[in-house]
Structure formats: structure tokens, C-alpha cells
Amino acid sequence: MKKVFIIHGFEGSPNGAWRGWLMSELEKDDVYACALPMPNPEAPIQKEWVDEIARVVEHSKDDELYLVGHSLGSTAILRYLETTKIMFSGVILVSAPVQETFNRKIDNFFQVSFDYEAIKTKVKKKVVIHGGNDPYVLIEKHGDVLVKELDAEYFVIKEGGHLNGSAGWHALPECLEALNRMLK
């Protein structure tokens, strides 16, 4: 069975922004999709978020698995992929911070550098989606770096901002299109 797990970001929720829309679209094609509620989204702790992803994914390890993350949810996915033994068919990272930002509340996710080589061995297809004018996660410090390190497919949405609900993103067709290509 094809399963998509969606991870929200800092101060986010499972059904916020475009995540509910994405789950509805995938359901139309009989693809199981679930947005996980991450612990303490206002004061996130890396280990708790990684443990939650691991807990849920472990029950589905024999399925065809995909991960979609937004913002800090993408960072948590990267941290999870560093250590898991489970193989994923695809991952989509939207507005993903890969180094410290102005937000001190999430610094614990960046205390050590990412092991990109380990991450690449766990995922067949990788896509990065980033807003060209993201005010929080600057494209040249995060999106461009991530694409290079993971050798990922790249979609830049020029005026996308942080690609969150506050920026008006209640649907993200680019994410659905990338996921549909992976699912085929």
C-alpha cells in the first residue's frame, strides 16, 4: 500500500495551510495520507519530533512510503532519515530550514550538521520546493543548499513566501504534482 505521512512545521497543525487539501487530493486516488500532529509545536524538541515520526512509520515499514514536510517538519524528516533503516520511495521538503534561522526556539534541530550521505541512501526520489521570497527560510541559505546536498529535484515558487497558510497557501499544486510523479 502507498502511504504518505505529512509533517507540519513550527507552530503548525496537521490540517493547517495546504496539508488538509493535499490529503483530500491523495484520497481521491486511493492513496493513504496522514498528517501527523507533532508534539509541542510552539516549543519543538528535535528528539520528540523524530521519535514521533519513527513511531508512526514503524507500523507501516512494509508499505511503499513517502514523507512530505513543511518548514521544521522537513527538518525533522531529515533528522529522522539520518538514523532510520527504513527505505522511502520519496520525500518532498517544502520551505525546509537546514541551518539556524532567526528563530531561537528551533535551534536544537541544528546543533550538529546533517549527514546528507546517510539521508540520500534512505530515499529513492527527492524533491525540494521553496518560495523564492521566503522571509524566514532564505532560499540561498536553505533551499539551494538542500538541493545541492541531496541532488534533489527543485521547484522554486517565485512569490511563494514561506508557502504556509499566512502567505495564502491553502493548496500547493506543485507538491501534489511532484508526489503524483513519484507515486506512478
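Predicted model: local features only at pLDDT ≥ 70, side-chain atom pairs only at ≥ 80, totals over all residues.
## The largest pocket

The largest pocket holds about 410 Å³ of space. It is lined by 22 residues, and those closest to its centre are F10, H70, S71, H162 and N164. Sorted by class, the lining of this pocket comprises eight nonpolar, 12 polar and two charged residues.

S71 sits in the loop between β3 and α3, and its phi is near 55 degrees, a positive value in a residue other than glycine. Most residues other than glycine have a negative phi. S71 is also buried, because its relative accessible area of 9% falls under the 20% cut-off.

## Other residues with positive phi

A17, which belongs to the loop between β1 and α1 (19-28), likewise has a positive phi, near 50 degrees, although A17 is not a glycine. A further positive phi, near 50 degrees, is found at D151, the residue that follows helix α5.

Helix α2 spans residues 46-58, and its 13 residues reach 18 Å from the first C-alpha to the last, close to the 18 Å expected at 1.5 Å a residue. Its buried residues are W49, V50, E52, I53, V56 and V57. These residues lie on the same side of α2, because they cover an arc of only 155 degrees around the axis. An α-helix has 3.6 residues a turn, so residues three or four places apart point the same way. The partners against which the buried residues of α2 pack are the strands β1 (2-7), β2 (32-36), β3 (64-70) and β4 (88-94), together with helix α3 (72-83).

In helix α5, which runs over residues 143-150, the buried residues are G143, L146, V147 and L150. Seen down the axis of α5, they fall within an arc of 100 degrees, so they line one face of the helix. The elements that cover these buried residues include α3, β4, α4 (116-120), β5 and β6.

Helix α6 covers residues 173-183, and among its residues C175, L176, A178, L179, M182 and L183 are buried. Because they cover an arc of only 165 degrees around the axis, these residues are on the same side of α6. They pack against β1, α1, β3, β4, β5 (123-131) and β6 (153-157).

| Residue | Second residue | Separation in sequence | C-alpha to C-alpha distance |
|---|---|---|---|
| M1 | D63 | 62 residues | 5.2 Å |
| L150 | E117 | 33 residues | 7.9 Å |
| E42 | N15 | 27 residues | 16 Å |
| A35 | L22 | 13 residues | 9.5 Å |

M1 is placed in the segment before β1, and its relative accessibility of 61% is over the 50% cut-off, so M1 counts as exposed.

L150 lies in helix α5 and is buried, with a relative accessible area of 1%. Not counting residues up to four places away in sequence, L150 touches L78, L93, Y116, I119, K120 and K126.

E42 is located in the loop between β2 and α2, where its relative accessibility of 45% makes it count as partly exposed. Leaving aside neighbours within four places in sequence, E42 is in contact with F10, E11 and K105. F10, one of these contacts, is also among the lining residues closest to the centre of the largest pocket.

A35 belongs to strand β2 and is buried, with a relative accessible area of 9%. Residues up to four places away in sequence being left out, A35 touches I6, P14 and M23.

Terms used. Residues numbered from 1 in each chain as written. Heavy atoms only, no water. 1 Å grid on protein atoms, 1.4 Å probe; cavity = no way out; pocket = protein on both sides within 12 Å on 5 of 7 lines; lining within 4 Å. Points joined across faces, edges and corners; volume = space filled by probe spheres on them. Nonpolar A, V, L, I, M, F, W, Y, C, P; charged D, E, K, R; others polar. Helix = DSSP H or I, 4+ residues; strand = E, 2+ residues; numbered from the N terminus. Expected span 1.5 Å × (residues − 1). Buried < 20%, exposed > 50% of the residue type's maximum accessible area, 1.4 Å probe, protein only. Arc of directions from axis to C-beta. Contact = heavy atoms within 4.5 Å.
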